[in-house]
Amino acid sequence: MTTFADSHFFKRYRSAILYIGLIFFLILSIPYDPNLFTGSSFADLFSLENWFGLATYRTSFIAESPFVGSDVRGYYNWAIALALALLLFWAFGRKIRQNFQADDDRVFYWLRVLLRYRLALAITFIGLVKIIPIQLPEPTISELHTEYGDFLLWKLYYLTNGIATAGYLPVIGTLEIVGGLFLLNRRTAIIGSGLLIAVLLNVVIVNYVYEIGEQVYSSFLLLLAVVIFSYDWPRFYQLLIKKAATIPDGFWPVYGRRVAGIRPYLQALFLLLIAVFSVQAYLSWKNSDYPFPDEKGLEGAAGVYDVKDFVWKGDTIPYSLTDTLRWKDVVFEKWNTLSIRGNRSVKVDSLKPRIAFNRERNYEYLGNGGREFFGYTSKQGTDKSTTTIKLTGKVSKGHTFAFIVKRPDKRTVLLDGVNQLGDSLHVRLEKVNKKYLLQEGRRKPIRIY
């Protein structure tokens, strides 16, 4: 009878790396993220944005840049955690080993449990907002009337994937969810972590290429997947690469009575969190315009309008390719957003397109340098033939207009009012009967087989 000796993953010289890694990841699991404590009311704690933020928090001893781009200051937090881990192990390493009273395999098992569940929670939430089109929605009317070169790189990537019809986003979201769920079981953790390494490597590259701004966090998730996968890598390499006889994992975790009793309830609670967020995300998308504002716009006004007449302080300004005052076209969205395209330079809001803790619904104007966006409030006149609206710039808060709106017919909108300086303005808008090929579709579907 042949007996195979159990092979420990950590040998004599790897023990120090194990304990330093344990301290390192424990430090980076401290929920020190200033955004976690900025909820304005108790009700905000149960919002979609906050649930997503709690699942995807990052430890920020040094605050990361809130803007898109190539800023990687978040890696400084890794350096701080590593320095603290080295210092603590040097000072208390012997006591730590004595207090644990466990062999290296057992310590590594509990480290993998921590990393598995943290990665699983984050990646399943991220996958859900891809399957439910919350993170990358379809383009708005304003975006369809913005020139290609006026978008920041990340917005081009989001819009390109938002209109994809070959199931790219649902497939990526499904892979992330499946990988996350596989992590919940020790036997399938190798499959889940391997799958997520393939997906997250692509995510990290995309973040760097398109300057989305989540380079550090996506790299952290990839690091978690690599550490989880590393436990089974020697056996994986021996079996599938070298195609040689492989000794199976001989480690079997033994739980105390208290841990064994609590463990099923914790697993059920974890699955319940995922289920609740799934319902919450679906209802937010189905019953509102998320990630766009909830407030309704002028009834029947949604569309793009050509600026037929533009009278500024009594002077009529004709069509012009250079005049910085005249508007080219105006878009009314279904919600209370109005965007204007002109010849004046527009300040681009370069904040990251984050779901976490973002209750401003600012996705529509982020990364757009071709149009100026305004939110507006409306009030019906006493004769019901006129409406008063007040426009406030979403990026340039000080840029405002107050208009009396008249709609003599379904295609025409008349605006009479003043700007924040008191300059008078009369504008006649005529709705363009625009058909969008993205919505019309092809006459004949493309067949690729």
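Me: Which residues line the largest cavity?

Reply: Happy to walk you through that one, starting with the general idea. Rolling a probe the size of a water molecule over the atoms shows where empty space is left. Bear in mind that this is a predicted model. Here, the largest cavity is lined by I134, Q135, Y290, P291, P353, R354, I355, N358, R361, N362, Y363 and L366.

Me: How many nonpolar, polar and charged residues are in that lining?

Reply: The lining of the largest cavity splits into 7 nonpolar, 3 polar and 2 charged residues. The space inside comes to about 120 Å³.

Me: How many cavities of 30 Å³ or more does the structure hold?

Reply: There are 3 of them.

Me: Which residues line the second largest cavity?

Reply: Its lining is made up of L28, R58, T59, E64, G74, N77, W78, R118, V216, Y217 and F220. Sorted by class, that gives 5 nonpolar, 3 polar and 3 charged residues.

Me: Which helices each supply at least two residues of that lining?

Reply: Those are α3 (75-100) and α9 (215-230). The largest share, 3 residues, comes from α9.

Me: Let's turn to a single residue. Where is S29 found?

Reply: Look in the loop that joins α1 (15-27) to α2 (48-55).

Me: Why does S29 count as buried?

Reply: For burial, you compare the relative accessible area with a cut-off, and buried means under 20%. S29 counts as buried because its relative accessibility is 16%.

Me: What does the side chain of S29 reach, and which residues is S29 in contact with beyond its neighbours within four places in sequence?

Reply: The S29 side chain comes to 2.7 Å from the backbone oxygen of F25. With those sequence neighbours set aside, S29 touches Y57, T59, L114 and R118.

Me: Which residues does the UniProt annotation "transmembrane region" cover?

Reply: According to the unreviewed UniProt entry, the annotation covers residues 12-32, 75-93, 114-136, 156-183, 190-210, 216-233 and 265-285. To read such a span in the model, you can look at its end-to-end distance and its helix content. For residues 114-136, the end C-alpha atoms are 30 Å apart, with 78% helix and 0% strand. For residues 156-183, the end C-alpha atoms are 33 Å apart, and that span is 79% helix and 0% strand.

How values were computed. Residues are numbered from 1 along each chain as its sequence is written. This is a predicted model: local features need pLDDT of at least 70, side-chain atom pairs count only at pLDDT 80 or more; totals for chains, interfaces and linings use all residues. Side-chain values use heavy atoms; hydrogens and water are left out. UniProt positions are given in the numbering used here, feature names are shortened, and annotations may be inferred rather than shown by experiment. Helices (H or I, at least four residues) and strands (E, at least two) are DSSP runs, numbered from the N terminus. Buried means under 20% relative accessible area, exposed over 50%, partly exposed in between (1.4 Å probe, protein chains only). A polar contact is a pair of N or O atoms within 3.5 Å; within protein, one must be able to donate a hydrogen and the other to accept it, and residues adjacent in sequence count only if both atoms are side-chain atoms. Contact means heavy atoms within 4.5 Å. On a 1 Å grid over the protein atoms alone, a cavity is a set of points where a 1.4 Å probe fits but cannot get out, and a pocket is an open set with protein on both sides within 12 Å along at least five of seven lines; lining residues have an atom within 4 Å of a point. Grid points are joined across faces, edges and corners, and a volume is the space filled by probe spheres set on the points. Ala, Val, Leu, Ile, Met, Phe, Trp, Tyr, Cys and Pro count as nonpolar, Asp, Glu, Lys and Arg as charged, and the others, Gly among them, as polar.
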